[in-house]
Amino acid sequence: MSTGSPIRSTCPYCGVGCGVLLAPDGAGRLAVRGDPDHPANRGRLCSKGTALGETVALDGRLLTPLVRGAPAEWDDALALVADRFKTTIAEHGPDSVAFYVSGQLLTEDYYVANKLMKGFIGSGNIDTNSRLCMASAVAGHRRAFGTDTVPGIYDDLEEADLVVLVGSNMAWCHPVLFQRLAAARKARGTRVVVVDPRRTATCDIADLHLKLKTGTDVALFNGLLGHLHEAGAIDSAFVTDHVDGFETALAAAATDHADETGLSEAALSAFFRMFAATEKVVTVFSQGVNQSTSGTDKVNAILNCHLATGRIGKPGSGPFSVTGQPNAMGGREVGGLANMLAAHLDIENPEHRSAVRSFWQAPGIAEAPGLKAVEMFRAVRDGKIKALWIACTNPAVTMPEAGAVAEAIRACDFVVVSDLSAETDTGRLADVVLPATGWGEKDGTVTNSDRTISRQRPALPAPGQARPDWAIFAEVGRRMGWGSAFDYRGPAEIFREHAALSGLAGRFGRDFDISGLADLGDADYAAMEPIRWPVSAARSGGRFFGDGRFFTETGRARMIAVHQKAPAAKRAPRYPYRLNTGRVRDQWHTMTRTARAPRLSRHLAEPFLEIHPADAEALGLAPADLARVTSPSGEAILRVLVSPDAAKGAPFAPMHWTGETAPAAKVGPLVAAATDPISGQPESKAGVVAIARFEAAWYGFAVSARPVAPECRYWARMRAEAGWRLELAGTEVPEDWGRWAQDMFGTDAPPETYADAGRGLTRLAFHEAGRLVAALFVAPEPVAVARDFVAAQLGVAVPSLLAARPGADLPDPGPTVCACMGVGRNQLIEAIQGAAGADLERVCTATQAGTSCGSCRPEIAALIERFSIREAAE
């Protein structure tokens, strides 16, 4: 291991923006720990961040450009890209091309891509996967404040007396912030309210869980606004001096009825009274609010309550949008959304356009917003977009109606993908795939949810011929004829230009101004500490709006009249359920990184449908069954997880699995492409579906030292320490299981076999050079074996595996509960049973589970509660 000083960088996952310390070992591996000096996490990391060092291996990496599937030289690949884009623009105009980019790009990457499209190609057709995450927050901010400004900072979570979490499973999606909040609650008695149709791990610290009907957030916050008025909790002086639209917003709120939420009078009254009586309130909102056809209205309903009470921009007080990606904020700052210019300037504003064009010395500039994500891929489908460049994202899986999106990409005249791997659902559809550098190799900046700009620094060399995304876009810009505009020597030069451009925003009286960093030398940039914007001569860091000054034309905030609207998709006898989609604790996006770490696959190793017991009973579904879920746009097969945490009539499914990991279980095709009319954000939380039992003729579990793609109706594949583990199911029984398994595993080794024809059981184990290379367990019902134990035997000289469980001298830790510390369910139960009066702290101390990021602590608490109940009954 390296004995030098660790390299300070930033985690590549969610928008918390945790600092990490990286120690390369010189052999391509990294040791990763939290940075105790970073203001976002103060040394904490979640399970995903803790496992980062396990994700940097080069297997599966794209190391050379591909042109129509064949290796190519960079010069040839870039010449083709530049020529096809130039030709397409010449023949069909600038709006016939588009870029679809990602909140995982660094700010410098984003800046160059946006400059190339909006300033030099002259089209607004650059949009980002952040459209799927935070676009409604952006639109709500702009309506209320005049700019896309996050008013508060993370410290507010620790200074508030009440924190309201709306549509945010913070325990799993932003675990480090959750731990900061949990610590504040323990230290100072902070009260917590969770607003979510589903009970999540976040509810573990809630004083009140409002399990409202899907999509009724506007009715809830309109009801709150009315109560605040009746209770005399309006800050009349703040409203009079600094806010427009109060009376119309209040009148609109009066037309809604809080009982539309399905909440009891007692629950509504408790929440309303708590909010009204507490001066220091932070309302955190995330995807559960944004991913809706009325997401912008939901955001403004929340902002209205803070503006009406003057609870904004003060310590421990304000609305707070937490972002889902590491640089969604940086993308918004540089204008990576189709409807924005750089530096939070307005693409519709002629003066703003002229200033940016002049700064860039561009031949023209986009004069209107471009196509937002859903519109963009519809234009691809319709043949209006004829050349498409996709960077660092996987829309063939993640877009709504993903099946149709994949077909549109396949049919597009010319498609370029820049990514770490060609082996993605989207990469497989491209004409040209360009190898980009990834986290651990990249050099640049990201901005987190509380506006803190942090450096990502390289700790590993770029593999093969991989290049930074900014360098790829810049080279294409040069080859298209704009040499001097894209003649960058490195990311520091790009950052200085970005910072200097933000000075325009300052001169226009806008929020995003980091012109104080425009003169950073290369060495200063290399050593730059985390810093929160704005950074200018006029203002630095801190909160916005506490002084009552906003960025609208009048300088006053705007309360917006909003009304409760039903989700776009209507339930019908054919589709009686509403599907809620989201993330799980240890995976992220389409798992191109997290799936590389075996320990992150042990907690929830398979795509699933979490469904309420009453719904499961009505459908004849039992735990571990497979369910066929259909919508008007697609179908998926998912493992059944029966849980009272799910809302009745509104099951939940995670969005992570792809054609590479579970081709029959992709959730994107189920989601309708219905969007918010203002933000363009799709409704990913309230699509309509039908559910039925998938009638499998057989179920299987397999392990393999090699990656395999079985020939059966359903399979899901995840990493194990020495290979892969798979869940299987089929509708046709092979005539010869031995031959079928040999073909699947790619081995000629004769199997060790156990078969019980009467019970329909078959078990096969394959050894090469005396070591286990594969095993298959088949049954007519979901297979019951000790999965972690079986997977751990890959590569081991094990005499027989067919019992599929450890001996008495080799205890089975059980399914992983704590991924950070590698603690299993059976180990926790043993600790609970072995400690008189076991409580959470005692069990965590004894096992070390829950002592790192802590996102598993709710699950540990549930195990303790179940044991206590059983003990009491006995």
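Start by selecting glutamate 606, which sits in the loop between β21 (577-582) and β22 (608-611). Helices (H or I, at least four residues) and strands (E, at least two) are DSSP runs, numbered from the N terminus. This is a predicted model, in which local features need pLDDT of at least 70 and side-chain atom pairs count only at pLDDT 80 or more, while totals for chains, interfaces and linings use all residues. Residues are numbered from 1 along each chain as its sequence is written, and side-chain values use heavy atoms, with hydrogens and water left out.

Is glutamate 606 buried or exposed? Glutamate 606 is buried, with a relative accessible area of 12%. Buried means under 20% relative accessible area, exposed means over 50%, and partly exposed lies in between (1.4 Å probe, protein chains only). Now show what surrounds this residue: not counting residues up to four places away in sequence, glutamate 606 touches Arg639, Trp657, Tyr714, Ala716 and Glu727. Contact here means heavy atoms within 4.5 Å.

Next, select strand β29 (residues 723-730). Eight of its eight residues are buried, so β29 is largely enclosed by the rest of the structure. Two strands count as paired if DSSP finds at least two bridges between them. β28 and β29 form a hairpin, with two residues between them. Across this pair, tryptophan 715 stands opposite leucine 728 in β29.

Now widen the selection to the whole sheet. What is the order of its six strands? The order is β28-β29-β27-β32-β31-β30, in an open sheet with antiparallel pairing. β28 and β30 (752-756) are the edge strands, each pairing on one side only. On average, neighbouring strands of this sheet are turned by 10° against each other, direction ignored. Strands of a sheet pair through backbone hydrogen bonds, either parallel or antiparallel.

Go to another sheet, an open one of three strands in the order β1-β2-β3, with antiparallel pairing. Its edge strands are β1 (7-10) and β3 (30-34), each pairing on one side only. The twist averages 35° from one strand to the next. β1 pairs with strand β2 (residues 19-24) over four bridges in the antiparallel sense, and serine 9 stands opposite valine 20 in β2.

The last stop is a pair of helices. Select helix α2 (residues 74-92) and helix α19 (residues 469-479), which pack at an angle of about 60° with their axes 9 Å apart. Axes are lines fitted to C-alpha atoms, for helices over the stretch in contact, and angles run from 0 to 180 degrees between N-to-C directions. To see the contact, show Trp74, Asp75, Leu78, Ala79, Val81, Ala82 and Lys86 of α2, together with Ile472, Glu475, Val476 and Arg479 of α19.
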